[in-house]
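Please read the briefing below alongside the sequence and the three-dimensional model, which are shown next.

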Amino acid sequence: MSATPSGAKPLRCPICGKEAAEAYRPFCSKRCADIDLARWFTGSYAIAGRDDDDGDNATPSENDKRSGDEDDGG
Ligand SMILES: [Zn+2]
């Protein structure tokens, strides 16, 4: 049996399985923390905004000015 430090259970990074760092618990590093965050973040987004297609561009100018055609004639 190995002695446990401070009696605290050595957390395991849920991403890579390494020993979690105290600064990034329960992850081992910021990298893994970001990965986990992005995972549920992207999942949430997929549910929230899915039907909405990415194409919110403004409509092109309808009034098409024709050059060369003089309208003002008197
Ligand atoms: Zn990790």
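**Exposure, core and contacts**

R25 counts as exposed because 11 C-beta neighbours lie inside 10 Å, where a residue is exposed if 12 or fewer other C-beta atoms lie within 10 Å of its own, buried if 20 or more do, and partly exposed in between, with C-beta atoms placed from the backbone. This is a predicted model, in which local features need pLDDT of at least 70 and side-chain atom pairs count only at pLDDT 80 or more, while totals for chains, interfaces and linings use all residues. Residues are numbered from 1 along each chain as its sequence is written.

**Overall architecture**

- The protein chain holds 1 helix and 0 strands, helices being DSSP runs of H or I with at least four residues and strands being runs of E with at least two, numbered from the N terminus.
- Of the 74 residues in the protein chain, 8% count as buried.
- Among contacts between residues at least 6 apart in sequence, 0% join residues at least 24 apart, a contact being a pair whose C-beta atoms, placed from the backbone, lie within 7 Å.

**Nonpolar core**

- The largest nonpolar core has 6 residues in all, namely C13, A20, F27, C28, C32 and A33; such a core is a set of buried Ala, Val, Leu, Ile, Met, Phe, Trp, Tyr and Cys residues joined through C-beta atoms within 7 Å.
- When residues up to four places away in sequence are not counted, C32 touches C13, I15, C16 and F27.

**R25 and the cis peptide bond**

- The peptide bond from R25 to P26 is cis, with omega near -5°.
- R25 lies in the segment before α1, and P26 is likewise placed in the segment before α1, the helix that spans 30-48.
- With residues up to four places away in sequence left out, R25 touches L11 and A20, and the C-alpha atom of R25 is separated by 8.7 Å from that of R12, a residue 13 residues apart along the chain.

**D36 in the helix**

- D36 is found in helix α1, and this residue is partly exposed because 15 other C-beta atoms lie within 10 Å.
- Leaving aside neighbours within four places in sequence, D36 is in contact with P14, I15 and F27.
- D36 and P14 are 22 residues apart in sequence, and their C-alpha atoms are 8.3 Å apart in space.

**E19 before the helix**

- E19 lies in the segment before α1 and is exposed, since it has 10 other C-beta atoms within 10 Å.
- Leaving aside neighbours within four places in sequence, E19 is in contact with P10, R12 and C28.
- E19 and S29 are 10 residues apart in sequence and 9.4 Å apart in space, C-alpha to C-alpha.

Conventions
Two residues are in contact if their C-beta atoms, placed from the backbone, lie within 7 Å.
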